[in-house]
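Please look through the sequence and the model below before reading on. The paragraphs that follow lead from single side chains to the wider packing of the chain.

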Amino acid sequence: MTAVVADPAEPSGRLIGASLTSAVGSLPLHLLPLTIAAAVAGTDTSPEVAGLIASALLVGQLIASTLLPVLGVSTISKLWAAVLSVALLGGMVVSGLGGVVGLLGGWFLVGLSCGGLIFLGTVAAAHFRAPELAFTLRLGIVLVVAGACTVLVQVTGVLADYHGYLIWLAVAIAAILGIGNLLYAPASPLLSVGEPGTAAAFNAPLALGLAAAFVLFVGQTGLVAYVLFGAAERGMELRHAAWAFAACKIGSGIWLVAASQTSKPGSSIRRMALLGVLVAAGGYGISSAGHIAFLFASLILFQIAFNSLSAQMQGSIAATGPHVAGRWITCSLLLGAAVGPPLHGWAISAGLEAGFVAFALSTTALPVLWRIVCRTD
């Protein structure tokens, strides 16, 4: 087996820049419930059309995250990172011009740009000398940024004004992208030790790992997408549930950032098994909580455990073939994120919600099963 060693002189500032930039790429998905609410309340857009914002965004992300590895792109240059950043802001401007075409076309452009920025962050983390810790840092920054922007929207009270919402969001995004692009530099090449070319090829553990990550994200993103809907259905006030959602994102993000700086590199089967159990416990809690305090506790447990598990799994997948995995992880996770919410929505309408929850909880065992079956280290 080929061993892959990262350049020991690689600066962490490069990873922080990539993490900040790719955090913005993940932000529109985190803020989708707010975006849809603002579009309905602040324009003449119907709820049905506003719901297509999610489809336009995800289609754009999927196209970008699929085409980039298919075209053989292995990294994003500093110039293209800046181009993607400008295109993202341009898409937000287009979405505010009015009309269904402008609304959906703008968010499609945002999705294309976000797919490229997420790809940028994933490749940077996969090429880092300790990929598990790099993915943990990246996910932690994503959550802190998402939580902070959610708080900004809540405090400014712009949910009833779509154009005001876009302006505040664009200001926050531009500031983060400015810092991220300033710090970002393309990932340095990895040094291969062993048989030439093997690190760049697909192998069974890599393919099975990507498949397991896809199914894991189908279950977990599908489960968490309806957490506020479920909370309201169980009698909780939506405003309080939204604040709990924002607080748990910030809290879990800070936890992950700290963990990336203090944890030991690497991942173990025992750690993955424990995280899987914790994700299942948190998932059960958010799907059944009847009180805001229980919901908050379950949410923060779920966010910390799931993102830690995701970082561990992405790092382990990247270690099986960094040259290939870094390019395909984003596509696998986005596909899972695209399938999960509509599948859960269908299950709710078909009276099979309990079945979907059981499926989601069972997928938390996939990472450790993958490690055991493929004997990956």
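**A guided reading of the model**

The side chain of S332 reaches the backbone oxygen of L210 at 2.7 Å, a polar contact in the sense used here (a pair of N or O atoms within 3.5 Å, where, within protein, one must be able to donate a hydrogen and the other to accept it, and residues adjacent in sequence count only if both atoms are side-chain atoms). This is a predicted model, in which local features need pLDDT of at least 70 and side-chain atom pairs count only at pLDDT 80 or more, while totals for chains, interfaces and linings use all residues. Residues are numbered from 1 along each chain as its sequence is written, and side-chain values use heavy atoms, with hydrogens and water left out.

S332 is placed in helix α13, residues 322-349; helices (H or I, at least four residues) and strands (E, at least two) are DSSP runs, numbered from the N terminus. Leaving aside residues up to four places away in sequence, S332 touches L210, A213 and F214, where contact means heavy atoms within 4.5 Å. Because its relative accessibility is 9%, S332 counts as buried, a term that stands for under 20% relative accessible area, with exposed meaning over 50% and partly exposed in between (1.4 Å probe, protein chains only).

S65 lies in helix α3, and its side chain reaches the backbone oxygen of L62 at 3.3 Å; with 0% relative accessibility, S65 counts as buried. S77, by contrast, is found in the loop between α3 (47-70) and α4 (78-95), and it counts as partly exposed because its relative accessibility is 28%. Beyond residues up to four places away in sequence, S77 touches Y184 and P186, and although S77 and Y184 are 107 residues apart along the chain, their C-alpha atoms are separated by 9.2 Å.

How many aromatic pairs does a search of the whole structure find? The search finds 3, a pair being rings of Phe, Tyr and Trp (its six-membered ring) whose centres lie within 6.5 Å, with planes under 30 degrees apart counted as stacked, over 60 as edge-to-face and the rest as tilted. One of them joins F217 and F306, a tilted pair with 5.2 Å from centre to centre and 55° between the planes. Since F217 lies in helix α8 (residues 204-225) and F306 in helix α12 (residues 292-320), this pair ties together parts that are 89 residues apart in sequence. Both F217 and F306 are buried, and together with F302 they form one aromatic cluster.

Another pair is formed by F356 and F359, whose ring centres are 5.8 Å apart and whose planes stand at 55°, so this pair is tilted. F356 and F359 both lie in helix α14 (residues 353-362), 3 residues apart, which is about one turn of the helix. F356 is buried, with a relative accessible area of 4%, whereas F359 is partly exposed, with a relative accessible area of 31%.

Helix α15 (residues 366-374) has P367, V368, W370, R371 and C374 as buried residues. These residues cover an arc of only 155° around the axis, which puts them on the same side of α15; the arc is that of the directions from the helix axis to the C-beta atoms. Among the elements that cover the buried residues of α15 are α8, α11 (269-288) and α12.

The largest nonpolar core has 93 residues, and those with the most contacts inside it are W107 and Y165; such a core is a set of buried Ala, Val, Leu, Ile, Met, Phe, Trp, Tyr and Cys residues joined through side-chain atoms within 4.5 Å. Helix α5 (residues 99-126) supplies the largest share of this core, 12 residues. Y165 touches L31, L34, T35, A38, V153, V158 and L159, not counting residues up to four places away in sequence.

Taken as a whole, the chain has 15 helices and 2 strands, and buried residues make up 53% of its 377 residues. Among contacts between residues at least 6 apart in sequence, 85% join residues at least 24 apart. The chain averages a pLDDT of 80, and 84% of the residues score at least 70, pLDDT being the predictor's confidence in each residue, from 0 to 100. Over residues 1-11 the pLDDT is below 50, and this stretch has 26 contacts in the model beyond near neighbours in sequence. The pLDDT also stays under 50 over residues 189-200, for which the model has 25 contacts beyond four places in sequence.
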